[in-house]
Amino acid sequence: MIEISYQGLMLICLSSAGMALLLGLLQRPPSWWSVGTAIAVEAALIIQLVWSIVLVSSGQAAVGDTLEYFGYIITALLVPPAAVIWAIYERTKWSTLVIGLSSLTVAIMVVRMWQIWSGNAYQF
């Protein structure tokens, strides 16, 4: 995980969370805007997974445990689809808030992935 991809992923997660939470606070049911933010987070995570596989294949490794890093990224890949499935079945403002909170959850997991990869436990 290079720093620019970490920063880009954080930007996508936090802007997605902000937009979905704002829509939820405005009592909007899930729409393509809120679901689209979850799709953007998922797409960025898939790109990060592919990039991480390329880095590890080329001989680089996480300063921490590489297996733990991949455990985090695979788990993070499950969070946005779960929120979208919730939004499909329960079309209320609460599902829009859940989409926003799922993006915040992924952002926290991305910080932890960065800590594992770089070895710096306090850099955000």
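What follows is a walk through the helices, cores, contacts and surface of a predicted model.

Some ground rules come first. Residues are numbered from 1 along each chain as its sequence is written, and side-chain values use heavy atoms, with hydrogens and water left out. Since the model is predicted, local features need pLDDT of at least 70 and side-chain atom pairs count only at pLDDT 80 or more, while totals for chains, interfaces and linings use all residues.

The nonpolar cores make a handy starting point. A nonpolar core here is a set of buried Ala, Val, Leu, Ile, Met, Phe, Trp, Tyr and Cys residues joined through side-chain atoms within 4.5 Å. Buried stands for under 20% relative accessible area, exposed for over 50%, and partly exposed for anything in between (1.4 Å probe, protein chains only). The largest core has 25 residues, and the members that touch the most others are M1, Y6, L45, Y69, V110 and M113. Two or more residues come from each of α1 (3-25), α2, α3 (66-89) and α4 (93-118); helices are DSSP runs of H or I with at least four residues, numbered from the N terminus. The largest share, nine residues, is the contribution of α4. A second, separate core holds seven residues, among them A20, A38, V84 and I99.

Contact means heavy atoms within 4.5 Å. Setting aside neighbours within four places in sequence, M1 is in contact with Y6, L9, Q48, L55, Y69, V110, M113, W114 and W117.

Next come some residues of α2, which spans residues 32-57. S34 sits in this helix and counts as buried because its relative accessibility is 0%. A polar atom of the S34 side chain lies 3.0 Å from the backbone nitrogen of S31, which falls within the limits for a polar contact (a pair of N or O atoms within 3.5 Å; within protein, one must be able to donate a hydrogen and the other to accept it, and residues adjacent in sequence count only if both atoms are side-chain atoms). Not counting residues up to four places away in sequence, S34 touches L23, T96 and I99.

Beyond its neighbours within four places in sequence, T37 is in contact with S16, M19, A20 and I99. From T37 to G18 there are 19 residues in sequence and 9.6 Å in space, C-alpha to C-alpha. A43, another α2 residue, is partly exposed because its relative accessible area is 36%. A43 and T96 lie 53 residues apart in sequence, with 19 Å between their C-alpha atoms.

Over in α4, S102 is buried at 4% relative accessibility. The S102 side chain reaches the backbone oxygen of I99 at 2.6 Å. Leaving out neighbours within four places in sequence, S102 is in contact with V79, P80 and A83.

As for salt bridges, the structure holds one. A salt bridge means a side-chain nitrogen of Lys or Arg within 4 Å of a carboxyl oxygen of Asp or Glu. The partners are E68 and R112, whose side chains meet at 3.6 Å, N to O. The pair links distant parts of the chain, 44 residues apart, with E68 in α3 and R112 in α4. E68 counts as partly exposed because its relative accessible area is 32%, and R112 is partly exposed at 30%.

The surface has a nonpolar patch made of I2, I4, I46, V50, W51 and V54, with about 530 Å² of accessible area together. Patches use residues with over 30% relative accessible area and no salt bridge, joining like charges within 9 Å and nonpolar side chains (Val, Leu, Ile, Met, Phe, Trp, Tyr) within 5 Å. Accessible areas come from the Shrake-Rupley method with a 1.4 Å probe, and for residues only the protein chains shown count as cover. With four residues, α2 gives the most to this patch. One of the patch residues, I46, is found in α2 and is partly exposed at 43% relative accessibility.

Most residues other than glycine have a negative phi. Q27 has a positive phi of about 60° although it is not a glycine. Q27 is placed in the loop between α1 and α2, and at 55% relative accessibility it counts as exposed.
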